[in-house]
Amino acid sequence: MDISLRDSTPSLSTFSGTAGVCLMRNAWKEDQHPSFINFISTFLSANSFRLNFVPIAPDFIFNCGGLSVAFIFVTNWDCNNVAPIFNRVKKLKMQFARFYVVITFPAKEQIDSFIQSYFKFGMVIGKPTFVSVQDLEMGFEKIVKIAHSSGVYKQERIGEKLKAERKQLVQGMNFYLKVVTSIPGIDNHDANAVNSCIMRQLLFILVFLFFRVSTQSC
């Protein structure tokens, strides 16, 4: 089985040396078969994620590019005991802005049970997003892809913001230079001196912006 992310999404390791950090709930780990935990550990390592076991409320919290995404991962849907799952969902969706619920449904009767329970417990479509899968490995791959894509999207937004700020600064400086050089009595030597001073200030501002964005992405 290929244990790498099979899409064209850029890697977050370009920014930080790792794609991110995965926090796994201790209690969730204890309920899983050791072979599945071994698969998760191998999959995360192959995709440059660090794995930590901690006492958290969700089953997983991923931090990618400074963005945290929480997950509930239901690996055994019990048609006769769904209330604890939905009560947990209602509680956690109030605590996390980015929150997903991944559920494995190997049989049709489990899907039917979920649909009936979804409306019975007053769920709202998309709040949170439920993701259905057929097996455990597929479910965890979905989790990692969602977390990874969210982190890449944030990095791209930061890059776009930096480019826009740079463009605005350059345009402002160019306009200022035109004004200065149009003043009577200012010769080329004076204009070049003003230009040199302004460009040093612009360089300082750009360096400041670079370090600010770097800090945001950590």
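What is the volume of the largest pocket? In this predicted model, the largest pocket has a volume of about 270 Å³. The protein chain that holds it has 218 residues, of which 36% count as buried.

**Overall architecture**

- The protein chain contains seven helices and six strands.
- In sequence order, these elements follow the pattern α-β-α-α-β-β-β-α-β-α-β-α-α.
- Among contacts in the protein chain with a separation of 6 or more, 79% join residues 24 or more positions apart.
- The protein chain has an accessible surface of about 12,900 Å², and carbon and sulfur atoms make up 57% of that surface.

**The largest pocket**

- The volume of the largest pocket is about 270 Å³, and 15 residues line it.
- Phe73, Val74, Thr75, Asn76 and Ile85 are the lining residues closest to the centre of the pocket.
- Two elements, β4 and α4, each give two or more residues to the lining.
- The lining comprises six nonpolar, four polar and five charged residues.

**Helix α4**

- Helix α4 spans residues 83-92, and its buried residues are Ile85, Phe86, Val89 and Leu92.
- These buried residues line one face of α4, because they fall within an arc of 130° when seen down the helix axis.
- As a general point, an α-helix has 3.6 residues a turn, so residues three or four places apart point the same way.
- The cover over the buried residues of α4 includes β4 (67-74), β5 (99-104), α5 (108-120) and β6 (129-133).

**Gln110 in helix α5**

- Gln110 belongs to helix α5, one of the elements that cover the buried residues of α4.
- Because its relative accessibility is 12%, under the 20% cut-off, Gln110 counts as buried.
- Setting aside residues up to four places away in sequence, Gln110 touches Trp77, Cys79, Thr104 and Phe105.

**Leu44 in helix α3**

- Leu44 is part of helix α3, which covers residues 34-46.
- With a relative accessible area of 0%, Leu44 is buried.
- Apart from neighbours within four places in sequence, Leu44 is in contact with Cys22, Phe49, Leu51, Phe62, Phe140 and Val144.
- Leu44 and Ala19 lie 25 residues apart along the chain, and their C-alpha atoms are separated by 9.2 Å.

Terms used:
Residues are numbered from 1 along each chain as its sequence is written. This is a predicted model: local features need pLDDT of at least 70, side-chain atom pairs count only at pLDDT 80 or more; totals for chains, interfaces and linings use all residues. Side-chain values use heavy atoms; hydrogens and water are left out. Helices (H or I, at least four residues) and strands (E, at least two) are DSSP runs, numbered from the N terminus. Buried means under 20% relative accessible area, exposed over 50%, partly exposed in between (1.4 Å probe, protein chains only). Contact means heavy atoms within 4.5 Å. Accessible areas come from the Shrake-Rupley method with a 1.4 Å probe; for residues, only the protein chains shown count as cover. The arc is that of the directions from the helix axis to the C-beta atoms. On a 1 Å grid over the protein atoms alone, a cavity is a set of points where a 1.4 Å probe fits but cannot get out, and a pocket is an open set with protein on both sides within 12 Å along at least five of seven lines; lining residues have an atom within 4 Å of a point. Grid points are joined across faces, edges and corners, and a volume is the space filled by probe spheres set on the points. Ala, Val, Leu, Ile, Met, Phe, Trp, Tyr, Cys and Pro count as nonpolar, Asp, Glu, Lys and Arg as charged, and the others, Gly among them, as polar.
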